[in-house]
Amino acid sequence: TWFVAVATPPPTPKITTPTANLLTNQTNVTVGGTGTTQGSTVRLFNQGVEIGSAIVTAAKTWSINPPAFANGTHVLTAIETDTANVSSPMSASTMFNVDSIAPGAPLVTSPLTLVLSSSYSITGTATEASTIRIFNGSASGALLGTVTTSAPGNTWTFPRTGATTGTYTFAITATDPATNVSAVTTHVVSVLLATAAPSITSPIT
């Protein structure tokens, strides 16, 4: 009687980093997770293409630094192969997104002419879901406020109050959801407030 030994495949490895649905502006992303047996080999795949491998440690963990990821969506899976050269099923997939491209500089739509009031709003448009930061003078100046774009139109509005007659310079940036920061838009606002007409007090007639 002959007996054929059937090798039992190891359990599937798990990918724990990056976290599912991560949005990052970094193209160099370390991928790590847990395995079953010290000394096993974990092979990592990005949308079916192998991009690296690592040995499972005594702590049952593994870590891989694959080549830089392109901008876009990536779907990672892994397989563990034990020292008997028996491989696990493919792991569950982990999807994440890379966006390293800075958004365009925000546009200012108003005010574009002289302001005749102490209260006014700076308005404009920017990349969808951007955070708009308004600084005094330059991007290294004091942060005056933060607003976000709104749909439809990806518009934003920054209200100002208490202005006096004079010229004001604002530096404005947009930060996208991946924390990329745009170039600076510089906008100058001139405020001219009405003054009371002079009165003549002498001579008195």
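User: Let's start here: how do strand 9 and strand 10 pair, parallel or antiparallel?

Analyst: Keep in mind that this is a predicted model. Strand 9 and strand 10 are antiparallel, with 3 bridges between them. V108 sits across from G124 of strand 10.

User: And which strand does strand 10 join through 6 bridges?

Analyst: That would be strand 13, residues 155–160, and the two run antiparallel. Y120 has R160 of strand 13 as its bridge partner.

User: What's in the loop between strand 9 and strand 10?

Analyst: L114 is found there; the loop links strand 9 (107–110) to strand 10 (120–125).

User: Is L114 buried, partly exposed or exposed, and why?

Analyst: Partly exposed, because its relative accessibility is 46%.

User: Which residues form a nonpolar patch on the surface with L114?

Analyst: L116 and L192 do, and together the three have about 300 Å² of accessible area.

User: OK, inside now. Which residues touch the most other members of the largest nonpolar core?

Analyst: Y120, I122, I132, I134, W156, F170 and I172, out of 16 residues in that core. At least two core residues come from each of strand 10, strand 11 (131–136), strand 13, strand 14 (166–175) and strand 15 (185–191). Strand 14 gives the largest share, 3 residues. As a general point, nonpolar side chains in soluble globular proteins tend to be buried together.

User: Which order do the strands take in the open sheet of 4?

Analyst: The order is 12-11-14-15, with antiparallel pairing. Strand 12 (143–148) and strand 15 are the edges, each pairing on one side only. Ignoring direction, neighbouring strands in this sheet are turned by 25 degrees against each other on average.

User: How many bridges are there between strand 14 and strand 15?

Analyst: There are 7, in the antiparallel sense.

User: Switching topic: what's the strand order in the open sheet of 3?

Analyst: It goes 1-3-6, and the pairing is antiparallel. Strand 1 (14–17) and strand 6 (61–64) are the edge strands, so called because each pairs on one side only. The twist from one strand to the next averages 30 degrees.

User: How many bridges join strand 1 to strand 3?

Analyst: 3 bridges, with strand 3 covering residues 31–34 and the two strands running antiparallel. I15 stands opposite G33 of strand 3.

Note on methods: Residues numbered from 1 in each chain as written. Predicted model: local features only at pLDDT ≥ 70, side-chain atom pairs only at ≥ 80, totals over all residues. Heavy atoms only, no water. Pairing = 2+ DSSP bridges. Axes fitted to C-alpha atoms, helices over the stretch in contact; angles between N-to-C directions. Patch = residues over 30% accessible without salt bridge, like charges linked within 9 Å, V, L, I, M, F, W, Y side chains within 5 Å. Areas by Shrake-Rupley, 256 points an atom, 1.4 Å probe, with all protein chains shown as cover. Salt bridge = Lys/Arg side-chain N within 4 Å of Asp/Glu carboxyl O. Buried < 20%, exposed > 50% of the residue type's maximum accessible area, 1.4 Å probe, protein only. Core = buried A, V, L, I, M, F, W, Y, C linked by side-chain atoms within 4.5 Å.
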